[in-house]
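This report looks at salt bridges. Please keep the sequence and the model open while reading.

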Amino acid sequence: MKKQIKTIGLIGGMSWESSKLYYEFLNTKVKEMLGGSHSAKCIMVSVDFAAIERLTFNGDWPAIGKHMKEAAQQLERAGADVILLCTNTIHLVSHYITENVDIPFIHIARATGQAIRKRSIQKVALLGTKFTMEKDFYTKTLTNDFGLEVVIPDVKSRQVVHDIIYNELVKGQFTKASKEKIVGLIKEFESQHVEGVIMGCTELPILISASDIAIPLFDTGKIHAYQAVEWSLSNA
């Protein structure tokens with residue numbers, strides 16, 4: 001008899017543009033692994049991104065952490081068996097989740113690091129918000145736990161990527177001009193012998209696809225969701 005998938009809890013809404021893809025990724029992977037008409041068992045708590053965005057720009061990470069703790073506890077009460085935080089940047093406060101629930105939490109940077117190591121890649125570029133690129137909560141996991149060499153854009157280019165994310169992508173705007181800027185930046189990385197690029201913002205893969213560049217792209221949202229399905233089946 002085929003295994004029954006565990007219930008996956010999702011903290012979404014940051015932004016909903018990528019959160020909706022998590023639902024698609026979960027169901028695609030379940031269908032791939034179980035076949036037939038199987039679909040994912042999941043629960044989502046979706047926050048108001050405007051409130052989280054305001055706190056982010058104010059640097060009030062403890063307040064964001066409290067929101068994440070409450071969302072995680074809500075998922076646990078609702079019967080989730082594992083939790084995903086459907087965003088890269090807010091993993092900066094993921095300890096508010098792990099310290100306040102008793103169910104497992106799958107960290108997006110760890111999932112990404114594992115996917116990169118499977119490709120035998122050593123040097124990667126990280127693109128995302130300035131918080132993700134500049135703070136060490138993400139890069140430290142990749143370097144310390146997986147031995148990766150992680151490079152980020154220069155200060156000016158970091159601001160360009162950051163502005164594209166917050167001014168366009170999270171609002172559902174995906175322009176040709178912004179795509180060209182990101183592709184150009186990735187081509188600069190290629191000249192530095194970078195072997196792959198981490199899409200460290202879950203909206204970036206909506207703008208850029210693997211066919212746009214010559215080196216591998218790591219879609220963190222897809223990697224994250226797929227690992228959750230694999231965990232859920234292996235622990236059924």
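Is D145 buried, exposed or partly exposed? With a relative accessibility of 45%, D145 is partly exposed. The cut-offs decide this: buried means under 20%, exposed over 50%.

## Overview

The model is predicted. It contains seven salt bridges.

## D145 and R110

D145 pairs with R110 in a salt bridge, with 2.8 Å from N to O. D145 sits in helix α7 (residues 136–146) and R110 in helix α5 (residues 108–118), so the bridge ties together parts 35 residues apart in sequence. R110 is partly exposed as well, at 35% relative accessibility.

E230 and K29 form a salt bridge, and their closest N and O atoms are 3.6 Å apart. This pair links distant parts of the chain: E230 belongs to helix α11 (residues 220–234), K29 to helix α1, and 201 residues separate them.

K29 is buried, at 9% relative accessibility. E230 is partly exposed, at 34% relative accessible area. Through salt bridges with shared partners, K29, E32 and E230 join into one network.

## K20 and E17

Within helix α1 (residues 16–34), K20 and E17 are three residues apart, about one turn of the helix. Their side chains meet in a salt bridge of 3.5 Å, N to O.

K20 is partly exposed, with 46% relative accessibility. E17 has a relative accessible area of 9%, so it counts as buried.

Note on methods:
Residues numbered from 1 in each chain as written. Predicted model: local features only at pLDDT ≥ 70, side-chain atom pairs only at ≥ 80, totals over all residues. Heavy atoms only, no water. Salt bridge = Lys/Arg side-chain N within 4 Å of Asp/Glu carboxyl O. Helix = DSSP H or I, 4+ residues; strand = E, 2+ residues; numbered from the N terminus. Buried < 20%, exposed > 50% of the residue type's maximum accessible area, 1.4 Å probe, protein only.
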